[in-house]
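Colleague: Could you take me through this structure one part at a time?

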Amino acid sequence: MESSKEKVRILLVDDHPILRYGVRRLIESDSALEVMAEAESANAALDIIRKDPPDFAIIDISLKGTNGIELIKIILTQLGTLPILVLSMHQESVYAVRALRAGAKGYVRKEDATEKLISGIHHILDGHLVMNDRVSDKLMVSMVNNGDRKNIRSGIDSLTDRELEVFELLGEGCGRAMIAQTMNVSIKTIETYKENLKKKLLMDGSQALLKSAIKWHSLSNSSSFEPSSG
């Protein structure tokens, strides 16, 4: 990053006000950085970007309506050079892959933000990728190079970003109406996603799918979990 007295203007996208407050304070403890705007949804973030493009964006995965992964894809069709860091509570071994494939330059878990967020921002601004050490270098290279999907063995990795979002919401105990509202789609669309999930994860019914989704959610910090066919 070229030396400059101007601060790096950061857009913070997260649907939790208290979290945004804490992250803003952390960011602005660095004299080279400032939060130029906050957004609690993808639509609000896109409105800000269209009116006043930031220098950098920090985006959570779980947002109402369009999720963070989809938001990254949309942003980069409009601002292809915008550096984006994902700050999330979700499992790195699954979501960091998807974030980088979508175009993000880094992934930091919220629990590591105090130690790694500021350095992560500067590393990305300096042209580097940022990921937690728990994600292997080999996996990172594969993600960045859009690795051959024929090599993906896990059923979870075969899911689209939206299918994975449905699967996780099922695991959180959300019914189809709540999932439809959260994702801003119809109940019929959710049913289609569920059918796709059953086929891809080799589930023989809705109960098996739900059981696996709950197990996935409860073990979301484990990189070894693979859904069973029940």
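**The sheet and its surroundings**

Modeller: We may begin with two strands: strand S1 (residues 8-13) and strand S3 (residues 56-59) run parallel and are joined by four bridges. Please bear in mind that this is a predicted model.

Colleague: Which residue stands opposite Phe56 in S3?

Modeller: That residue is Ile10.

Colleague: How many strands form the sheet, and in what order?

Modeller: The open sheet is formed by five strands, in the order S2-S1-S3-S4-S5, and their pairing is parallel. Strand S2 (33-39) and strand S5 (106-109) are the edge strands, each pairing on one side only. From one strand to the next, the twist averages 25°.

Colleague: What holds strands of a sheet together in general?

Modeller: Strands of a sheet pair through backbone hydrogen bonds, and the pairing is either parallel or antiparallel.

Colleague: Which strands does helix H5 touch?

Modeller: Helix H5 (residues 113-125) packs on the sheet and touches S1, S2, S3, strand S4 (84-88) and S5. The direction of H5 makes about 165° with that of S4.

Colleague: What are the totals for helices and strands in the chain?

Modeller: The chain has 10 helices and five strands. Of its 230 residues, 47% count as buried.

Colleague: Let us turn to the inside. Which residues of the largest nonpolar core touch the most other members?

Modeller: They are Leu11, Ile59, Leu71 and Phe167, in a core of 50 residues. Helix H4 (residues 92-102) gives the most to this core, with six residues. A second, separate core has 19 residues, including Val35, Ile58, Leu117 and Val130.

Colleague: What share of the contacts between residues at least 6 apart in sequence joins residues at least 24 apart?

Modeller: In this chain, the share is 64%.

Colleague: Now a change of topic: how many residues does helix H9 have, and how far does it reach?

Modeller: Helix H9 (residues 187-200) has 14 residues and reaches 20 Å from its first C-alpha to its last. That is close to the 20 Å expected at 1.5 Å a residue.

Colleague: Which residues of H9 are buried?

Modeller: The buried residues in H9 are Ile190, Tyr193, Lys194, Leu197 and Lys198. Seen down the axis of H9, they fall within an arc of 140°, so they line one face of the helix. The face of H9 turned away from this buried side carries the exposed residues Lys188 and Lys199.

Colleague: What happens just after H9?

Modeller: Just after H9, Leu202 takes a positive phi of about 60°, although Leu202 is not a glycine. Leu202 is found in the loop between H9 and helix H10 (206-218).

Colleague: Is Leu202 buried or exposed?

Modeller: Leu202 is exposed, with a relative accessible area of 63%.

Colleague: And where is Asn184, and what is its phi?

Modeller: Asn184 lies in the loop between helix H8 (176-183) and H9. Although Asn184 is not a glycine, its phi is positive, at about 60°. Asn184 is exposed, with a relative accessible area of 63%.

Definitions and conventions:
Residues are numbered from 1 along each chain as its sequence is written. This is a predicted model: local features need pLDDT of at least 70, side-chain atom pairs count only at pLDDT 80 or more; totals for chains, interfaces and linings use all residues. Side-chain values use heavy atoms; hydrogens and water are left out. A nonpolar core is a set of buried Ala, Val, Leu, Ile, Met, Phe, Trp, Tyr and Cys residues joined through side-chain atoms within 4.5 Å. Buried means under 20% relative accessible area, exposed over 50%, partly exposed in between (1.4 Å probe, protein chains only). The expected span of a helix is 1.5 Å times one less than its number of residues. The arc is that of the directions from the helix axis to the C-beta atoms. Two strands pair if DSSP finds at least two bridges between them. Axes are lines fitted to C-alpha atoms, for helices over the stretch in contact, and angles run from 0 to 180 degrees between N-to-C directions. Contact means heavy atoms within 4.5 Å.
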